[in-house]
Amino acid sequence: MIVTLTTNPSLDRTIDLAAPLARGHVQRAKAASQDPGGKGVNICRALATSSAATMAVLPGNDDDAVVGALRLAGIRFANLPIGAPLRSNITVTEPDGTTTKINEPGPELSEADQANLIALLLDQAEGADWLVLAGSLPPGVGHDFYARIIERARTRFGALCPSIAVDSSGPPLSAVMSAGRQLAPDLLKPNAEELAELTGIGTEDELENDLALAAAAARTLLDQGCATVLATLGRQGAILASETTWLHGTHPPIKARSTVGAGDSALAGYLLASIAGHDPQDRLRQAVAYGAAAASLPGSTLPSQHHTDPSAVVISPVALNPSQGG
């Protein structure tokens, strides 16, 4: 079982344009869709299409549009009513794959809401293989929220604690990695922009185009106590780093239609391979295959296994001596 927390879920509306976005002009969309969204929700959606056991935990009233969309999609979930509507996000995709996102801030969560959400999450996480803390935090929630959850989970479950993955950005991500080695996650999934911001090494473009530099950045996260880093690097695939694993995975070029959910799908692919007992090479292979498949699909469509071709992913060692550090 993989349990995800989406603290700031959304109803994601995707507008697919037939021509490049023209600011200040009226344009007609060639297609539009809407889906329940937020990183943890997206991960559950991708996993559920491959028949994996998942549980999405999120705030939201029973009659909220996001909760209703999860119910309609057949995604298992546990929701905490908060007395306020969840946010809506808008994504505009252009023919060349350029993606523009406009994200609302989301409703404020009170201290009581936060405590109740953590309690709900931990109840659902008992006996799970993975606990995934994913996405941004809504107004009213401190940057240390994910670190607090990790502490509560490891205190409650001890040796039986699920493996914990974090996929976030900005201050919430920094707070996790600055909370001390004892609260470092088992798996961290930054993209190149987040990896640069978190470590202070390079820029997004530099990390995507210099594997040794990206690996050095990942090395600093391992030194802070993180067990494994899955760093997604856009068209350059992904790096998987741990004390015993330094691998780079690339997929043959694809025609990108939308980057929405590509990183979430990559993490879903990794988790799916993990619960199946696959080795690190096959975990990375499946992560890259899922990320590429998501980018090749329209709007916020998420891939299932039949969309992916893990055999097409090339795995090679990263050209960095891990002892070099950053």
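Helix axes here are lines fitted to C-alpha atoms over the stretch in contact, and angles run from 0 to 180 degrees between N-to-C directions. Helices (H or I, at least four residues) and strands (E, at least two) are DSSP runs, numbered from the N terminus. The model is predicted: local features need pLDDT of at least 70, side-chain atom pairs count only at pLDDT 80 or more, and totals for chains, interfaces and linings use all residues. Residues are numbered from 1 along each chain as its sequence is written, and side-chain values use heavy atoms, with hydrogens and water left out.

**Helices α4 and α5**

- Helix α4 (residues 145-157) packs with helix α5 (residues 170-177) at an angle of about 40°, and their axes are 7 Å apart.
- The two helices α4 and α5 are therefore oblique to each other; angles under 35 degrees count as roughly parallel, over 145 as roughly antiparallel, 65 to 115 as roughly perpendicular and the rest as oblique.
- Contact, meaning heavy atoms within 4.5 Å, is made by Y146, A147 and I150 of α4 and by P172, A175 and V176 of α5.
- These residues divide into six nonpolar, no polar and no charged. Ala, Val, Leu, Ile, Met, Phe, Trp, Tyr, Cys and Pro count as nonpolar, Asp, Glu, Lys and Arg as charged, and the others, Gly among them, as polar.
- Six of the eight residues of α5 are buried, so α5 is largely enclosed by the rest of the structure. Buried means under 20% relative accessible area, exposed over 50%, and partly exposed in between (1.4 Å probe, protein chains only).
- The buried residues of α5 are G170, P172, L173, A175, V176 and M177, and they pack against α4, β9 (163-167), β10 (187-188), α6 (192-199) and α8 (211-223).

**The sheet**

- Ten strands form an open sheet of mixed pairing, in the order β5-β4-β1-β8-β9-β10-β11-β12-β13-β14. Two strands pair if DSSP finds at least two bridges between them.
- At the edges are β5 (77-80) and β14 (314-317), each pairing on one side only.
- Helix α1 packs on the sheet and touches β1 (2-6), β4, β8 (130-134) and β9; its direction makes about 150° with that of β1.
- Helix α10 (residues 280-296) also packs on the sheet, where it touches β11, β12, β13 (246-250) and β14; its direction makes about 30° with that of β13.

**Strand β12 and its partners**

- Strands β11 (residues 228-232) and β12 (residues 238-242) run antiparallel and are joined by five bridges.
- Across this pair, L230 stands opposite L240 and V229 stands opposite A241.
- The hairpin of β11 and β12 has five residues between the strands, and G234 in it takes a positive phi near 60°.
- On the other pairing, β12 and β13 are antiparallel over four bridges, with G249 of β13 as the bridge partner of A238. Three residues form the hairpin link between β12 and β13.
- Both faces of β12 are covered, with A238, L240 and S242 buried on one side and I239 and A241 on the other.

**Cores and an exposed serine**

- A nonpolar core is a set of buried Ala, Val, Leu, Ile, Met, Phe, Trp, Tyr and Cys residues joined through side-chain atoms within 4.5 Å. In the largest one, of 63 residues, L5, V57 and L133 touch the most other members.
- Another core, of 27 residues, lies apart from it and includes A46, A134, L284 and A289.
- S51 is found in the loop between α1 (39-48) and β4 (54-59) and counts as exposed at 68% relative accessibility. Its phi is near 65°, a positive value in a residue other than glycine.
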